[in-house]
Structure formats: structure tokens, C-alpha cells
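Me: Can we go through the pockets and salt bridges in this one? I'd like the plain version, with cut-offs.

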Amino acid sequence: MGTRKPDTVRQPPMPARAVTLAEMRAAGWMLRATCSRCRVQLHVDLAPMIALLGPDYVLWGRHPRCRVWAWGDDERCWGRILFEARSVRGGSWRALKHSSEVADAIDLRRQLYHGR
């Protein structure tokens with residue numbers, strides 16, 4: 001059974017709900033990476049990212065270089081990656097762009113964990 005409006009089942013991703021990789025995984029978010037130039041789209045598996053970068057890593061506002069080999073043996077795509085998340089299958093994708101809302105969520109978590 002489904003709905004025509006999956007965003008009513010679970011709200012779209014918001015920084016106040018999950019800032020770090022561990023929080024995104026606990027919230028059950030799905031992530032994808034899209035290159036701005038070659039348009040390749042990849043599923044982002046959070047478990048290996050947490051193992052590599054740590055559970056407190058913040059993905060919001062990150063735009064690394066694309067890793068696709070596109071033009072022969074010596075040239076990589078020079079595009080930038082945009083990370084997007086959604087909270088429920090069929091829901092809206094939200095770009096993980098840095099904003100004042102993200103900065104506020106990071107500051108709030110820092111205050112909570114450091115007791116300030």
C-alpha cells in the first residue's frame with residue numbers, strides 16, 4: 001500500500017533532524033551523489049562512509065570532485081558532486097547544501113555535546 005504524497009508519510013530531510021552521517025543512517029535516509037558535469041548518479045552507502053570518515057562527519061555543504069574516468073586513460077571528469085537525501089522511498093530529494101539552518105543545527109549539537 002502506498003500514497004501519492006510520500007512526503008506526508010515522513011518529512012523530507014532537514015538539518016535539524018540529521019546533520020552527521022550517523023544521524024542520517026539512524027534516520028533511514030537514502031543518499032545519492034550527482035555530478036554537475038557528466039550527470040552520473042550514484043547511490044551513497046552510509047555504512048562504508050561512516051567507517052572511512054567517522055560517524056560525526058558532516059556531509060552538508062560538501063562538493064568533492066567527480067571520480068568518473070570519462071575521456072580515456074588520463075583524464076577524470078572535472079565536475080563537482082552534489083549530495084542529495086530523501087527520507088522515504090518515492091519522497092522528495094533535498095540537496096545537502098550548506099545554509100544558516102545547517103550552521104544552526106551544527107552549533108546546537110556542539111553545545112549539547114560539549115555542555116555549553
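Me: Which element gives the most to the lining of the second largest pocket?
Reply: That's H3, with 5 residues. Helices here are DSSP runs of H or I with at least four residues, strands are runs of E with at least two, and both are numbered from the N terminus. A pocket is an open set of points on a 1 Å grid over the protein atoms alone, where a 1.4 Å probe fits, with protein on both sides within 12 Å along at least five of seven lines; lining residues have an atom within 4 Å of a point.

Me: Before I go on, what kind of model is this?
Reply: A predicted one: local features need pLDDT of at least 70, side-chain atom pairs count only at pLDDT 80 or more, and totals for chains, interfaces and linings use all residues. Residues are numbered from 1 along each chain as its sequence is written, and side-chain values use heavy atoms, with hydrogens and water left out.

Me: OK, what volume does the second largest pocket have?
Reply: About 220 Å³. Volume here is the space filled by probe spheres set on the grid points, which are joined across faces, edges and corners.

Me: Which elements give two or more residues to its lining?
Reply: Helix H1 (21-27) and helix H3 (100-114). Among the lining residues are Glu23, Pro55, Arg109, Arg110 and Tyr113.

Me: And how does that lining divide by class?
Reply: Into 6 nonpolar, 2 polar and 4 charged residues. Ala, Val, Leu, Ile, Met, Phe, Trp, Tyr, Cys and Pro count as nonpolar, Asp, Glu, Lys and Arg as charged, and the others, Gly among them, as polar.

Me: What does Arg109 pair with in a salt bridge?
Reply: Glu23, with the closest N and O atoms 2.8 Å apart. The pair links distant parts of the chain, since Arg109 is in helix H3 and Glu23 in helix H1, 86 residues apart. A salt bridge means a side-chain nitrogen of Lys or Arg within 4 Å of a carboxyl oxygen of Asp or Glu.

Me: Is Arg109 buried or exposed?
Reply: Buried, at 13% relative accessible area. Glu23 is buried as well, at 18%. The cut-offs are under 20% for buried, over 50% for exposed and partly exposed in between, with a 1.4 Å probe and protein chains only.

Me: How many salt bridges does the whole structure have?
Reply: The search finds 4. Another is Asp107 with Arg110, where the closest N and O atoms are 3.2 Å apart. Those two are 3 residues apart in helix H3, so about one helical turn separates them. Asp107 is partly exposed at 35%, and so is Arg110 at 46%.

Me: What about Glu101?
Reply: Glu101 forms a salt bridge with Arg94, closest N and O atoms 3.4 Å apart. Glu101 is partly exposed at 32%, and Arg94 is partly exposed at 25%.

Me: Switching to the largest pocket: what's its volume?
Reply: About 360 Å³. Of the 17 residues that line it, the closest to its centre are Pro64, Arg65, Arg67, Ile81 and Phe83.

Me: Which elements give two or more residues there?
Reply: Strand E2 (41-44), helix H2 (46-53) and strand E3 (81-86). H2 gives the most, with 3 residues. By class, the lining has 14 nonpolar, no polar and 3 charged residues.

Me: Last one: what's the phi at Arg39?
Reply: Positive, about 65°, although Arg39 is not a glycine. Most residues other than glycine have a negative phi. Arg39 lies in the loop between strand E1 (30-35) and E2, and counts as exposed at 58% relative accessibility.
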